[in-house]
Amino acid sequence: MTTAVSLRPKFWQTYSLNELTPDEWEALCDGCGVCCLIKFEDDDTQQVVYTDVACQLLDCQTASCRHYPQRQQYVPDCITLTLDSLKKMHWLPKTCAYKRLYLGKSLPNWHHLITQDKALSQQIMQKKGISIARRCVSETSFSEDEIEERLIHWIKQ
């Protein structure tokens with residue numbers, strides 16, 4: 001049974017990120033899946049390079065986590081995006097709603113909160129190359145050395 005989520009009208013335009021309810025915070029996520037890709041960061045330059053290899057919990061066909069509510073039980077170092085951690089996550093894609101709002105920008109016109117249609121938003125994201133759905137592979141298929149060879153350059157930071 002799913003519980004109803006209560007969202008204030010146009011909350012993303014009316015409230016700052018630190019004023020959002022937990023449900024509103026979660027609703028900002030567009031489901032692109034980029035957070036779930038394995039990436040490498042140079043400690044000196046902070047330059048980030050992505051791979052097309054995703055967390056073992058990610059469904060690579062839909063870019064959805066198979067166990068989102070319990071993800072940290074399965075993957076203890078799974079990212080939990082908070083306002084404090086957002087400040088350090090320069091690697092988020094330029095389309096990320098959290099990043100855009102943090103930087104004072106609006107949501108993209110294809111975002112599901114704008115379209116009110118998650119399926120349509122996902123289709124648009126796929127067409128525009130924003131979603132990693134059907135563009136990634138599971139980490140369970142590769143060794144760490146093999147993952148390092150699967151670098152991609154199609155994520156725009």
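**Figure 1. R8, a partly exposed residue with a relative accessible area of 27%, forms a salt bridge with E24.** The model is predicted, so local features are described only at a pLDDT of at least 70 and side-chain atom pairs only at pLDDT 80 or more, whereas totals for chains, interfaces and linings use all residues. Residues are numbered from 1 along each chain as its sequence is written, and side-chain values rest on heavy atoms, with hydrogens and water left out. The side chains of R8 and E24 approach to 2.6 Å, N to O, where a salt bridge is a side-chain nitrogen of Lys or Arg within 4 Å of a carboxyl oxygen of Asp or Glu. This pair links distant parts of the chain, since E24 belongs to helix α2 (residues 22-28) and R8 to the segment before α1 (11-14), 16 residues apart. Helices (H or I, at least four residues) and strands (E, at least two) are DSSP runs numbered from the N terminus.

**Figure 2. A salt bridge joins R150 to D52.** The closest N and O atoms of R150 and D52 are 2.7 Å apart. R150 sits in the loop between α8 (144-148) and β6 (151-152) while D52 is part of strand β2 (residues 48-54), so this pair ties together parts of the chain that are 98 residues apart in sequence. R150 counts as partly exposed at 25% relative accessibility, whereas D52, with a relative accessible area of 13%, is buried.

**Figure 3. K87 and D84 form a salt bridge in which both residues are exposed.** Here the closest N and O atoms lie 3.8 Å apart. By the distance rule used throughout, the count of salt bridges comes to three.

**Figure 4. R100, in helix α5 (residues 97-102), is buried yet has no salt bridge.** The nearest side chain of opposite charge to R100 is that of D30, 8.4 Å away, with Lys and Arg counted as positive, Asp and Glu as negative, and His and the chain ends not counted. The side chain of R100 instead reaches the backbone oxygen of S106 at 2.6 Å. Leaving aside residues up to four places away in sequence, R100 touches K94, T95, K105, S106, L107 and P108, a contact being heavy atoms within 4.5 Å.

**Figure 5. L107 is buried in the loop between α5 and α6 (112-115).** The relative accessible area of L107 is 7%. With residues up to four places away in sequence not counted, the residues that L107 touches are W12, A97, R100, L101, L113 and I114. The C-alpha atoms of L107 and D43, which are 64 residues apart along the chain, are separated by 31 Å.

**Figure 6. A63 and Q116 each have a positive phi although neither is a glycine.** Most residues other than glycine have a negative phi. A63, with a phi of about 65°, lies in the loop between β3 (58-59) and β4 (64-65) and is buried, its relative accessible area being 7%. Q116, with a phi of about 60°, is placed in the loop between α6 and α7 and counts as exposed at 63% relative accessibility.

**Figure 7. The two ends of helix α7 (residues 118-128) involve D117 and G129.** At the start of α7, a side-chain oxygen of D117 reaches to within 3.2 Å of the backbone nitrogen of A119. Such a polar contact is a pair of N or O atoms within 3.5 Å, of which, within protein, one must be able to donate a hydrogen and the other to accept it, and residues adjacent in sequence count only if both atoms are side-chain atoms. Just after α7, G129 takes a positive phi of about 75°.

Figure 8. Of the 157 residues, 37% count as buried, and among contacts between residues at least 6 apart in sequence, 55% join residues at least 24 apart.

Technical notes: Buried means under 20% relative accessible area, exposed over 50%, partly exposed in between (1.4 Å probe, protein chains only).
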